[in-house]
Amino acid sequence: MTNSPYFSDHDHLYMAKAIELAQLGCFTTTPNPNVGCVIVNNNQIIGEGYHIKAGEPHAEVYALRQAGVNAKGATAYVTLEPCSHFGRTPPCADALIKAGIARVVIAMQDPNPKVSGQGVKRLRQAGIEVDIGLLSEQAEHINRAFLKRMRCGIPYIQLKLAASLDGKIAMQSGESKWITSSDARQDVQYFRAQASAILSTRATVQADNASLTVRHAELPPQIQMIYPQETIRQPIRVIIDSKNKLMGDENIFKQLGETWVVRKDDKPIEQANCRLLIESSAKMNIDLTSLFKVLAEKQINSVWVEGGSHLAGALIEQGLVDELIIYYAPKLLGHNALDMAILPNLIELSKAPEFTFQSTIKIGDDLRCILQKKTK
């Protein structure tokens with residue numbers, strides 16, 4: 001597949017606008033990717049749009065509607081290869097062809113086997129000039145969760161930890177409310193709202209009387225303006241309960257949205273919004289890799305993890321964490337307090353899991369560090 005070796009300043013400007021539009025869908029599009037589209041004729045934007053929700057029109061359709069007859073002979077800038085198959089909506093490649101678009105600039109090819117390369121092929125067969133690769137890194141980043149599911153068959157895993165400066169998440173008694181500030185807890189809502197699912201354990205749910213929901217009033221004001229309360233999607237709550245100790249009367253079952261309980265057998269929980277997932281590996285406890293494969297098959301793109309030190313340690317030890325989000329409070333809890341991650345099998349420094357800092361920012365009185373798994 002031949003890509004253009006050169007893109008103009010105008011090309012960069014319009015693709016950057018398309019990526020900006022795509023990001024507007026990050027709270028609503030799952031399991032679909034975030035896609036933005038800008039249509040330009042005579043160096044004027046005549047149409048723009050982004051994908052809002054699965055089952056609703058794709059970005060290209062919104063942009064073409066706005067452009068109308070002026071789309072003929074225009075250039076379309078799209079952050080992801082236009083689809084070429086019939087799903088819930090017709091193929092976007094066909095819509096671009098029908099509208100008379102002369103050139104399509106694509107940030108990156110879609111790894112979805114139903115699309116990959118076929119959208120580009122269809123456009124070129126129709127005589128449309130196609131250039132690929134403009135701002136591809138930015139396009140990859142906004143869809144890193146969708147892309148990982150497509151490429152690896154497991155979701156993108158974000159592990160959130162709230163700790164003291166000495167890496168402790170609770171006092172020896174288990175007391176942990178609240179180590180971090182209300183500003184940090186409010187910041188968590190922004191990340192929760194983007195996740196396809198929130199993963200925790202039975203022990204955490206019962207100890208904290210957790211709800212694990214997105215609270216609209218705690219989202220940043222600009223997000224509240226774009227997304228009214230009724231449009232906010234509640235991520236699926238996935239709770240590991242290998243010993244069948246959840247009773248069904250916990251706070252988590254009283255919330256909006258679905259709760260999926262992961263067990264080793266089919267002992268049900270009689271709640272309308274509860275779904276049982278049976279993890280059937282030979283292991284006594286829940287096999288996390290097996291669980292994530294099941295979640296990916298159920299079109300879960302990203303998983304936001306909020307649990308205790310055992311779950312955190314297991315995820316890190318097994319190399320399953322793509323991104324660490326740690327909120328550090330300016331406090332010291334001492335050597336008797338509970339560690340943020342238990343790694344019982346780590347005995348050599350050379351084998352220590354490594355991450356790279358992506359960003360560090362002050363949130364209220366606390367420090368938020370975002371790290372990504374270091375690639376060898």
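In which helix does leucine 64 lie? In this predicted model, leucine 64 is part of helix α2, which spans residues 59-67. Its relative accessibility is 12%, and because the cut-off for a buried residue is under 20%, leucine 64 counts as buried. Leaving out residues up to four places away in sequence, leucine 64 touches Ile39, Ala71, Ala95, Leu96, Ala99 and Ile101. Glycine 49 stands 15 residues from leucine 64 in sequence, with a C-alpha to C-alpha separation of 8.4 Å.

The crossing of α2 past α3 is left-handed. On the α2 side the contact is formed by Glu60, Val61 and Leu64, and on the α3 side by Cys92, Ala95, Leu96 and Ala99. Sorted by class, this contact has six nonpolar residues, one charged residue and no polar residues.

Helix α3 (residues 92-99) packs against helix α4 (residues 118-125) as well, with axes that come within 9 Å and cross at roughly 20°. That angle makes α3 roughly parallel to α4. Here the crossing is right-handed. Ala93, Asp94, Leu96 and Ile97 of α3 meet Gly119, Arg122 and Leu123 of α4. The contact of α3 with α4 comprises four nonpolar, one polar and two charged residues.

The largest nonpolar core holds 43 residues, and the members that touch the most others are Met15, Ile39, Ile101 and Val104. Helix α1 (residues 9-23) supplies the largest share of this core, six residues. Isoleucine 101, apart from its neighbours within four places in sequence, is in contact with Ile39, Leu64, Ala71, Ala74, Ala76, Leu96 and Ile128. A second, separate core contains 34 residues, including Ile157, Val303, Val321 and Cys369.

Buried positions were also listed for two further helices. In helix α7 (residues 182-194), the buried residues are Ala184, Asp187, Val188, Gln189, Phe191, Arg192 and Ala193. Among the elements that cover them are the strands β6 (156-164), β8 (197-201), β12 (302-305), β13 (323-329), β15 (355-363) and β16 (366-373). In helix α11 (residues 309-317), Ser309, Leu311, Ala312, Gly313, Leu315 and Ile316 are buried.

Most residues other than glycine have a negative phi, and most peptide bonds are trans. The peptide bond from threonine 30 to proline 31 is cis, with omega near 10°; proline 31 is placed in the loop between α1 and β1 (36-41). Leucine 212, not a glycine, has a positive phi of about 55°. This residue sits in the loop between α8 (202-208) and α9 (221-226), and its relative accessible area of 5% makes leucine 212 buried. Glutamine 299 likewise takes a positive phi, near 65°, in the loop between α10 (288-297) and β12. With a relative accessible area of 44%, glutamine 299 is partly exposed.

Key. Residues are numbered from 1 along each chain as its sequence is written. This is a predicted model: local features need pLDDT of at least 70, side-chain atom pairs count only at pLDDT 80 or more; totals for chains, interfaces and linings use all residues. Side-chain values use heavy atoms; hydrogens and water are left out. Axes are lines fitted to C-alpha atoms, for helices over the stretch in contact, and angles run from 0 to 180 degrees between N-to-C directions. Helices (H or I, at least four residues) and strands (E, at least two) are DSSP runs, numbered from the N terminus. Angles under 35 degrees count as roughly parallel, over 145 as roughly antiparallel, 65 to 115 as roughly perpendicular and the rest as oblique. A crossing is left-handed if the near helix is turned anticlockwise from the far one by less than a right angle, and right-handed if clockwise. Contact means heavy atoms within 4.5 Å. Ala, Val, Leu, Ile, Met, Phe, Trp, Tyr, Cys and Pro count as nonpolar, Asp, Glu, Lys and Arg as charged, and the others, Gly among them, as polar. Buried means under 20% relative accessible area, exposed over 50%, partly exposed in between (1.4 Å probe, protein chains only). A nonpolar core is a set of buried Ala, Val, Leu, Ile, Met, Phe, Trp, Tyr and Cys residues joined through side-chain atoms within 4.5 Å.
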